[in-house]
Amino acid sequence: MVIDRVALVSFRNYGELSASFCDGVNVITGRNAQGKTNLIEAVFYIASGRSFRARSDRELVRFGDTRASIRADITSGGRAQCLEAFLEYGRRRRLIANGAPLRSAAELSGKLSAVLFCPGDLDIVRDGAAGRRRLMDTCLCQLRPRYAAALREFNRLYDHKTAILRNHGEKPRLLDALDDFNVRLAQCSAQLIWFRAAFTATLAEKAAAVHREFSGGVEELQISYKTVSTITDARRGPEELLTAILEHQRAHRQAEIDSGQCLTGAHKDDLEIGINGAAARAYASQGQARTAALSLKLAEREIHFDDRGEYPVLLLDDVLSELDAERAGFVLNKIKNGQVLITCCEYDGAAASAEGTVVRVEGGEIVR
Ligand code: ATP
Ligand code: MG
């Protein structure tokens, strides 16, 4: 998949912009606060129907204006396509693909896939498990509609069960429904765990290969999937997983009621990450943790390719700081195949060594 051109009207700090991109590495450089991330945000929005940092679409409309639009001319599935988004104060936003209105952002799925990496993701290795679960969920939801459906159902049941556990003190009758929720939640967990285990096995292999090259052959990345403790082999079929989850649930039933917390299920899953045999969360240096985080994203892109036969567009926002020259050089010049849009500040020296197309953004305009 390739974005050939993006046209923006009144999006963030852009008045009118038309930017063309090559099918390879595109470096977007410039001083702080000029519009580099805004451009990445526009591309991500047209790919997914949402921003990765705005709380509401209103934030995306240029100050002083009441409407904004994004248009992307892309090549996907071997043919030229056009995606458009129209945002307007007080009205529902409109998404259009090849001239036809879409009913929801879900219909954008598969038209332009993007893998995003922004500064918040840099700590995915050292922060809590939520970010690592999000990584699994984001990728699996894009590739497996059945996983996305199971995750929606899981979240719905989890909210209900948590409400039961929190409020049964005042309303003891709530506990009548607990066992029913337990069984349904365990069934959903079994499905999620089954998908996640297979996904992690592939992710581990691909991320290790990327990380090895990224670190100049000196670091080995290990990733393993951690789930409900009664599951001895998460690659077993969903039936065996269900039996093990129910067993864990039975053992923790009273503890759940006493603590008011849901203690069994896929919501506690994690990825354990090691570098050269040491737990990365505790021992990785800043640069090592960032390298590992980037390796995970690059592996995610390979998984997309194996599944769909096309690379998703890779969006890298501000990821070069804290990488040494060799590792920054890897990001800029060694990511082969597929399109990459990467932002960096012009003074960090990285842009100078880039072999791809370099564009410079200044005050919401592209000055080459
Ligand atoms: P940095 O190198 O610091 O990350 P950047 O080039 O990535 O900078 P952006 O995040 O793209 O900067 O933001 C550029 C400018 O856009 C900021 O000064 C911001 O205040 C401005 N901006 C954000 N939203 C709007 C909006 N709705 N209307 C006008 N300007 C906006
Ligand atoms: Mg930025």
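Domain bounds here come from an automatic or database domain assignment. With that in mind, the chain splits into domain 1 (1-110 + 318-368) and domain 2 (114-309), and their C-alpha centres lie 29 Å apart. The contact between them, meaning heavy atoms within 4.5 Å, takes 18 residues from domain 1 and 20 residues from domain 2. Together the two domains bury about 1600 Å², 64% of it on carbon and sulfur atoms; buried area is the accessible area (1.4 Å probe) that two parts lose on being put together, summed over both.

Before going on, note that this is a predicted model, in which local features need pLDDT of at least 70, side-chain atom pairs count only at pLDDT 80 or more, and totals for chains, interfaces and linings use all residues. Residues are numbered from 1 along each chain as its sequence is written, chains are lettered from A and ligands numbered from 1 in the order in which they are written, and side-chain values use heavy atoms, with hydrogens and water left out.

Now let us visit ligand 1. Around it are 17 residues, each with a heavy atom within 4 Å of the ligand. Asn32, Ala33, Lys36, Thr37 and Val61 come nearest. Helix H1 (residues 36-48) gives the largest share of this shell, 3 residues; helices are DSSP runs (H or I, at least four residues), numbered from the N terminus.

The table shows polar contacts, pairs of N or O atoms within 3.5 Å.

| Residue | Ligand 1 atom | Distance |
|---|---|---|
| Lys36, side chain | oxygen | 2.8 Å |
| Arg53, side chain | oxygen | 3.2 Å |
| Phe63, backbone | nitrogen | 3.0 Å |

The protein covers 75% of the 660 Å² of accessible area that ligand 1 has on its own, by the Shrake-Rupley method with a 1.4 Å probe.

Terms used. Polar contact = N/O pair within 3.5 Å; in protein donor to acceptor, adjacent residues only side chain to side chain. Helix = DSSP H or I, 4+ residues; strand = E, 2+ residues; numbered from the N terminus.
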